[in-house]
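Open the model in your viewer and keep the sequence panel beside it. This tour goes from the whole chain to a single residue.

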Amino acid sequence: MKAVGYKKSLAIDDADSLIDFEAAKPEPKGRDIRVAVKAISANPVDYKVRKRAAPPEGETKILGYDAAGVVDAIGPDVTLFKAGDEVFYAGSILRQGTNSEFHLVDERIVGAKPKTLSFAQSAALPLTSITAWELLRIGRKTAPGKSVDARTLLIVGGAGGVGSILIQLARRLTGLTVVATATRPESQKWCLDLGAHAVIDHSKPMKEQIEQLKVPPVGLVASLTFTDQHYKSIADFIAPQGKFGLIDDPGEFNVGVFKGKAVSVHWESMFTRSSFQTPDMIGQHALLNDVADLIDKGVLRTTLDQTFGTISAANLKRAHALLESGKSRGKIVLEGW
């Protein structure tokens, strides 16, 4: 089967940073399903793994943590899917990735593809939807619901992949006031179009901008990017007993700045369930099915922004380069072989 991977951790402009190669078609065992991959999307985790995790000598690592496709075969213990089912999912960071014609994934982290979306539109959603949903529930004692909530959710990096779905979830499924941050005019418009009540510029002092909006207290913060640059200033205006969630890898992060206000800090990683085989691992199957249902009902929309052609090393290099530049918006998708 065709696949895209890497043998050494190299800069993306190196000719061998990502390579096309042929790999053996994997056989499903246990609760694994084998998916004929139709479309994939690129995420920051792709380039982070490429940069930091060199494969063992002589091996080729396949990246990719989002896919939409058709179940091709199932393991003996599978109960949730059958051959021919259309699915979407984010895989496990501990296994070979989705940038291959056929891919093995545990059925417990797979959902039924939205019926109203194409494979490309669906591939944009899994990893970021899981991350956003799990992050949003940090600040809620119950599942999301359209109840009145006298707090503001600040989303730092609202135009990125996670921010793009988190804005929608928070605006349409909760009573929170949603304020996103973005620096470029086109990114600010993107956030407003997705449903943010307001957008501020995180390249400028945020406290003054928040005060000018006259919104409810900022009780929840989703720090999706550049946490090390912003968390100290956020500590100055986050509400007492607030909740601060982050997903990135700040070079410097001192939780002590939140102590006086008794702010709780939570690190969200959607790979935790699959990496540690947690008892609630199947929750991601249910979550993705809920997302698909909300898509099909018109409550949520895909966050696909750009398509980069077929799944190949050349096109994935372009996707990695754009993600590394920090100038991407929404999701980048590749489709077909």
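A residue counts as buried under 20% relative accessible area, as exposed over 50%, and as partly exposed in between, using a 1.4 Å probe and protein chains only. By that rule, 55% of the 337 residues in the protein are buried. The model is predicted: local features need pLDDT of at least 70, side-chain atom pairs count only at pLDDT 80 or more, and totals for chains, interfaces and linings use all residues. Residues are numbered from 1 along each chain as its sequence is written, and side-chain values use heavy atoms, without hydrogens and water.

Select the whole protein and show the cartoon. There are 10 helices and 16 strands; these are DSSP runs numbered from the N terminus, with at least four residues (H or I) for a helix and at least two (E) for a strand.

Now show the C-alpha atoms alone. Along the principal axes they fill a box of roughly 55 × 40 × 35 Å.

Next, colour the charged side chains: Lys and Arg are positive, Asp and Glu negative, with His and the chain ends not counted. The protein has 42 positive and 38 negative ones, and the centres of the two sets lie 5 Å apart; each charge is placed at NZ of Lys, CZ of Arg, CG of Asp or CD of Glu.

Select helix H7, residues 227-237, and find Asp228 in it.

Which residues touch Asp228, leaving aside neighbours within four places in sequence? Select Pro250, Gly251 and Glu252, which are in contact with Asp228, meaning heavy atoms within 4.5 Å.
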